[in-house]
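Lead sentences come first, followed by points grouped by topic.

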Amino acid sequence: MKLSNLFLRLAVAFALLGVGLGYVMGATHEFTLAPVHAHINLLGWVSMFLYGLFYRTAPEAAAGWLPKVHAALAILGLPVMMIGLTIQLLGVPSLMAVVPPMMIAGPTLVVLGMVAFAAVVFRATGDRLVAA
């Protein structure tokens, strides 16, 4: 599957998840998971959609190992981070021991994924002039 299609499809899946969580929170007036909702919408829906659009408009940027590293980091990091944050916010006693490693690993993967994406973008746009 093309990298752009992978990101676009994941973005829509995260959008459905984020909107669904927002709907449930609104219906129940229970907003404990609002940070999870916000991160799923921003990092899942918005960021992944923008990644997909970038790779769609600059398909040459999807070649090589770096875009694959970007995808792996972004795709693995967000769920790890969201599951850890959910457990933390809900205060599930039997699972609290997994929160610190998840809340270190997940965000670290997400940040490293963004760094990889920045490198992809700079590599792909290095020979282009910036419009004034």
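In this predicted model, helix α1 passes helix α2 in a left-handed crossing. The axes of α1 and α2 come within 7 Å and cross at roughly 160 degrees. Since an angle over 145 degrees counts as roughly antiparallel, α1 and α2 are therefore roughly antiparallel to each other. The residues of this α1–α2 contact comprise 21 nonpolar, eight polar and one charged.

**Packing of α1 against α3**

- Helix α1 spans residues 3–28 and helix α3 spans residues 65–90; the two pack at an angle of about 15 degrees, with their axes 11 Å apart.
- Angles under 35 degrees count as roughly parallel, and α1 and α3 are therefore roughly parallel to each other.
- The crossing of α1 and α3 is left-handed.
- On the α1 side, the residues that meet α3 are Leu3, Leu6, Phe7, Leu10 and Phe14. Their partners in α3 are Pro67, His70, Ala71, Ala74, Ile75 and Leu78.
- By class, the residues of the α1–α3 contact are ten nonpolar, one polar and no charged.

**Nonpolar core**

- In soluble globular proteins, nonpolar side chains tend to be buried together.
- The largest nonpolar core in this model holds 28 residues, and Phe7, Met48, Phe54 and Tyr55 touch the most other members.
- Two or more residues of this core come from each of α1, α2 (34–57), α3 and α4 (99–125).
- Leaving aside residues up to four places away in sequence, Tyr55 touches Leu3, Ser4, Phe7, Ala61, Ala62, Pro67, His70, Phe117 and Val120. Phe7, one of these partners, is also among the core residues that touch the most other members.

**His70**

- His70 lies in helix α3 and is among the residues of α3 that meet α1.
- Is His70 buried or exposed? Its relative accessibility is 0%, so His70 counts as buried.
- Beyond residues up to four places away in sequence, His70 touches Phe7, Tyr51, Tyr55, Gly113, Ala116 and Phe117.
- Phe7 and Phe117 are among the contacts of His70, and both are also among the contacts of Tyr55.
- His70 and Leu90 are 20 residues apart along the chain, and their C-alpha atoms are separated by 30 Å.

**His37**

- His37 is placed in helix α2.
- With a relative accessible area of 22%, His37 is partly exposed; the cut-off for a buried residue is under 20%.
- Which residues does His37 touch, not counting residues up to four places away in sequence? The contacts of His37 are Gly18, Leu21, Gly22 and Met25.
- The C-alpha atoms of His37 and Gly20 are 9.0 Å apart in space, and these residues are 17 apart in sequence.

**The chain as a whole**

- Taken along the principal axes, the C-alpha atoms fill a box of roughly 50 × 35 × 30 Å.
- Of the 132 residues of the chain, 35% count as buried.
- Among contacts in the chain with a separation of 6 or more, 72% are between residues 24 or more positions apart.

Terms used: Residues are numbered from 1 along each chain as its sequence is written. This is a predicted model: local features need pLDDT of at least 70, side-chain atom pairs count only at pLDDT 80 or more; totals for chains, interfaces and linings use all residues. Side-chain values use heavy atoms; hydrogens and water are left out. Axes are lines fitted to C-alpha atoms, for helices over the stretch in contact, and angles run from 0 to 180 degrees between N-to-C directions. Helices (H or I, at least four residues) and strands (E, at least two) are DSSP runs, numbered from the N terminus. Angles under 35 degrees count as roughly parallel, over 145 as roughly antiparallel, 65 to 115 as roughly perpendicular and the rest as oblique. A crossing is left-handed if the near helix is turned anticlockwise from the far one by less than a right angle, and right-handed if clockwise. Contact means heavy atoms within 4.5 Å. Ala, Val, Leu, Ile, Met, Phe, Trp, Tyr, Cys and Pro count as nonpolar, Asp, Glu, Lys and Arg as charged, and the others, Gly among them, as polar. A nonpolar core is a set of buried Ala, Val, Leu, Ile, Met, Phe, Trp, Tyr and Cys residues joined through side-chain atoms within 4.5 Å. Buried means under 20% relative accessible area, exposed over 50%, partly exposed in between (1.4 Å probe, protein chains only).
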